[in-house]
Amino acid sequence: MISAGQPRTSRVTLVGLGLFLSLSMNAQLNRSRPPAPGPAPTVHLGEHETFTLKNGMRVIVVENHKLPMVSVQVRFDIPPIVQGEKAGMVDLVGELLAAGTERLSKAQIDEQVDQLGASLATSNDGIYASCLKKNLGTLLPLVKDIVTAPAFPEREFAKVMTRTRSGLQQRREDPDAIAEVVSRAVIYSRTHPYGEVTTERTLDNVSVKHIKGYYQLFFRPEQAYLVFVGDLTAKEAKGLANQYFAGWKPTRPATIKNEDGSEDMEGLGRVRMMPKVAVPSGTRRVNVVDRPGAAQSVIRVGFPLNLQPRDLRALSAQVMNTILGGGVFNARLMQNLREDKGWTYGAYSSLDADRFNGHFHASVSVRTAVTDSAVYEIIRELDRMVNEPVTAEELELAKRFMAGSFGRSLEDPRTVGRFALNTYLNGLPENHYATYLKRLDAVTVEDVQAAASAFLHPDQAVVLVVGDLEQFEEGLGAISMDRSRPVLRLDEDGALWEEPITPVNDRTAEDVIAAYIKAVGGREAIAKAAHLRRTASGTLKGRPLRYTEWFAPGRKYRSESIVNDIPVEEVIHDGERAARRGEQGQEELADVDLQELVFFAHPVPEADLEGRLDRMVLAGRTPVGDREAFKVVFMTQHGTTIADLFDTESGLLVQRVEEKYMDGRNVRIVTRYSDHSEYHGLLLPSRIVRTGHPTGRMELVLDAVDVGPQAVAVPFATGLPPVVEPAEYVTDPGDGSREIENMAPGDGGEEED
Amino acid sequence: MMLATPSAAQTRAIAFSEFDLPNGLHVILHEDHSTPIVAIGVMYHVGSKNEDKDRRGFAHFFEHLLFEGSANIDRGEFSRHVERAGGVLNANTTGDRTYYYEVLPSEQMELGLWLESERMLHAKVDQKGVDTQREVVKEERRQRYENQPYGSILIEVLKRAYSVHPYQWPTIGFMEDLNAASEADYKAFYKKFYVPNNAVLVVAGDIDQARTRELVGRYFADIPRGADVQQPVIEEPPLPGEVRDVIYDRIQLPAVVTAYRTPAFGTRDFYAVDLLNRLLSNGNSSRLNVALKEEQQKAVYVGAFSLPFEHPGLAIHFAIANAGVVPEELERSMDAEVGRIMREGVPPLEFEKLKAQLETEYVADNSRVAGVANNLATAHTMLGSAAQINSELDRYLALTPQDLQQAAATYFTPERRVVLHYLPLSQKPQP
């Protein structure tokens, strides 16, 4: 293991060891165990020098002559602001910073950079450039020009806007990009600087004056770090820094401070800082961006954290995250989801300490069929991390891996510059990185568990899945702790999804139903099929299912479900009362349950709605897959709402949506009907897929439809005991129950006086 | 005329030594004490072009299996040894070769040699490993090719650019073939290709060469030599003419791909074509960037890449349209830029720019021992000699603007190309 402070082995010893080995070459090599490591060399942390220019710009220099290269970075220390209606503006600053200066056009800048064989990239908080040492004298004036005198030309602004708008369209078809944007939106909220989402609408509100204003307010020397790394001396760097940047003294734009802490500035408008640090809150909830037919589900499970880099617990938190899923192959998420289950190419977690607002997230892409199982496993791993101590072996591996990563990172001299910049930006102790390996070595199993308790919040996690919702809705809903909306559907921008619906004025709901009846075969054919048996087979939650229904006049009805060759449920309606027999025995269906059963106890319920509906409404046209349908909403007499979708061309029922409260939560059951075929004069769906039901996904293919009294020669007797009306209510004060006889119906137990 | 100037390669050559073990294993050592780390890599000269027609993707799948363990390393232990030692490990497979590597603290060099020798001598995989990795590879395919907009480009291009050569299928392969693979396949593949005489071992970084030499001998000398490996000799016939097709994908913005048949990696014309691709898309002032993104504003993204295949490969030009731009229009603009090179050639100043970019890239490319190890192994395997690492830049710099113009005229022609238009699924004609 690499550890700081151990003396480097002398060359003499190594040579001696080599001789010894060569003598022992013929000895039997013991392959059964890994060879022991040699003596650990010292990890040398590179040095940096720092000084401040007259205008307040802080310069950091890392001298390293291994390669004839130099990198130059100017980094502005800018707090995150709320962009609100102008979301996307800050990113545009980065896009446009190098798009022209007072002296040079964008084309000239691009040409010069490429002529030098240099690289140059700008972002919303500065610029990074690198080149061969011999070209530094030419590159640096260019960097200076871009930083101190950008022109933000209107023409370039228009071009960037066109590309950005196109990019938005592209992003909405990229599952990983959707997951990135929407997970931030749900973890931080869309009103937090880290969760804001750029849309065409917000881009409409941005103009060059905002970009210029932002630049003037935040790109200021006293907020800047100038970092040189590579093949130059501190003296050279000092000369260059003074020559190019010391004279930059822009006037500070005037702002007016408001009571709420915001500032108003001409051009930029109102500038609002991050209102408050987002922390884990509420209960575990599940969000889905639906991508029908998606090849995989992209999953994120996360929450915001109030964790700053200078927090003393940040290091043990990183060790904890390494054990959980942070970069090592032996992390729990990777081992569980990939190496044990084979569900994914890779599973990771990241714990981001941030001086303004950190966050945690686990991420994985899995095949659709295991989506809810994967989310469950992630939650389980978070729980396990919080509730059980990690093993000494896991801790050791994580610490050694992190020490190794630290050592490897120092191969790049820019790491030293990054460390210095981090130290100043985050207010870290001067020796933060010098003591890193020692502090890492000291992290204990208890520290890791304390970090897990403090920074992992499985019960407040925000789950996001970008994938084919229909395939996993039930399972995901069960993981949610939000009982009213177990699965919240969002659009690609992280906003609440709204069904796209176009109003229809040329027909009524009655017209659509009439067209449907006609498409099915007409009232006469339906009447002829009053005695009907429908036999189907398929799967329920992946297990083989056989399902038979019998319909007889007078709304008599019977159904049988057989799963894995075992009868699991029977429902019978004798015309008056109904019973369900299942694994838990028999129960009578009454009230709403009975009325609902009666409503559907007809081969074509829409053909006989008389007296069963409060109201029906044609909501409009809506897309269903790549077709279109009329949406009719039924409000039944028993108080439930059902939405049926009828194909605009064929007139046939293609989808039914029922929203109700079942098993302690709201559910949205979607049944899809397809592959209609003719049976005894009726055009019936031969394929039925039901999702969202607590019992799980059901897929059925119609095997046979038979009509006539012979087909329904089965008992419709419920087997329920006869109803005995109680003569009177009995009061038993001893059992603590309410005193029924004192209660008048509907008065809620209140007494009038 | 360009005058030869001392190149970066001449002034900053990568020093290395090399030798062969009696069993045919070629070994390359590179010493650099800047950082106390070491990179250990083994490149086997086997890739998807060595696969049977009905085992497409096998080489890459096999790469996954070779992390499963050995006679002395149980399932899951391989990576544990590396990470517990503070190192990282990975592997990758192309059409031509498979590369495994570890980067370790230098005092753990011997561990890396042990692991790689175990992998070469007596790798082992159990049924759980096979079954799991098959699923993992399926997910890798879904994640990288199927659940990405435009993710199928390479697959669709290769399928049409080659009719005989195994390059016609992607390295990731096809799942039905992996499902069909059996134990006999694993054994035969291992015996045939994973032999010391078909591999090169590179140890680069904070090492003592004498001691490393000894240790390499200790761990690798006893591994039995295998039969000589016959690399396939395949004559891919010319395309019947320009191949055009339309692909409907889950995208909003249309895209255009033009893929030209080009010479093999390492040939003089490969470098000429590669320079042309750089001329077209390397840097903001490159031609496709300026014309399509800046001046005409037709594209949101442009790129031109070389596929450095051992046998004749491809140059792939790719552009994603700005909203509202049709692919025909985009293709015309791409063709206009290629046509301009043929007609007008490359001005000296622009040619100097390409050289400056190459020079910087060369330095950056060899700035880490892991990169040097990979480059040495690649040069040995693909170009026949590790020494090519130091002459490759010169091979670029030896080219003239006339060579580029000539190469454009020779290779960027309609009869050598596949053109694909990517369109949103919503535009697919209903059957």
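Two residues are taken to be in contact if their C-beta atoms, placed from the backbone, lie within 7 Å. The model is a predicted one, and I treated each value below as computed from it.

**Entry 1. Helix α3 of chain B**

I first asked how many of the eight residues of α3(B) are buried. The count is six, and the helix is mostly covered. I listed the buried residues of α3(B) by name: Phe78(B), Ser79(B), His81(B), Val82(B), Glu83(B) and Arg84(B). I then looked up what these buried residues pack against, and found α13 (392-409) of chain A together with β4, β5 and α4 of chain B. The surroundings of α3(B) therefore include elements of both chains under the 7 Å criterion. Just after the helix, I noted that Gly86(B) takes a positive phi of about 85°.

**Entry 2. The contact between chains B and A**

I next turned to the contact as a whole. Chain B gives 63 residues to it, and chain A gives 71 residues. I checked which elements of chain B each supply at least two residues of the side that touches chain A, and recorded α3 (77-84), β5, α4 (109-122), α5 (127-146), α9 (209-220) and α13 (348-365). The largest share of that side comes from α5(B), with nine residues. I also sorted the side of chain B that touches chain A by class: 18 residues are nonpolar, 24 are polar and 21 are charged.

**Entry 3. The six-stranded sheet of chain B**

I traced an open sheet of six strands in chain B and wrote down its order as β1-β2-β6-β3-β5-β4, with mixed pairing. At the edges I found β1 (17-20) and β4 (88-93) of chain B, each of which pairs on one side only. Neighbouring strands of the sheet are turned by 15° against each other on average, direction ignored.

Within this sheet I examined the pairing of β3 (residues 37-44) of chain B with β6 (residues 199-205) of chain B. These two strands run antiparallel and are joined by seven bridges.

**Entry 4. Overall dimensions of chain A**

For chain A I recorded 20 helices and 29 strands. Its C-alpha trace spans about 100 × 75 × 70 Å along the principal axes. Buried residues make up 40% of the chain. Of the contacts in chain A between residues at least 6 apart in sequence, 69% join residues at least 24 apart.

**Entry 5. Domains and a hairpin of chain A**

The domain assignment of chain A gives domain 1 (49-172 + 198-273), domain 2 (285-490) and domain 3 (509-712). I looked up the separation of the centres of domain 1 and domain 3 of chain A, taken over C-alpha atoms, and found 63 Å.

Lastly, I looked at β21 (residues 578-582) and β22 (residues 585-589) of chain A, which pair in the antiparallel sense over five bridges. A hairpin joins β21(A) to β22(A) through two residues. In this pair, I noted that Ala579(A) stands opposite Glu588(A) of β22(A).

Definitions and conventions:
Residues are numbered from 1 along each chain as its sequence is written. Chains are lettered from A and ligands numbered from 1 in the order in which they are written. This is a predicted model: local features need pLDDT of at least 70, side-chain atom pairs count only at pLDDT 80 or more; totals for chains, interfaces and linings use all residues. Two strands pair if DSSP finds at least two bridges between them. Helices (H or I, at least four residues) and strands (E, at least two) are DSSP runs, numbered from the N terminus. Axes are lines fitted to C-alpha atoms, for helices over the stretch in contact, and angles run from 0 to 180 degrees between N-to-C directions. A residue is buried if 20 or more other C-beta atoms lie within 10 Å of its own, exposed if 12 or fewer, and partly exposed in between; C-beta atoms are placed from the backbone. Domain bounds come from an automatic or database domain assignment. Ala, Val, Leu, Ile, Met, Phe, Trp, Tyr, Cys and Pro count as nonpolar, Asp, Glu, Lys and Arg as charged, and the others, Gly among them, as polar.
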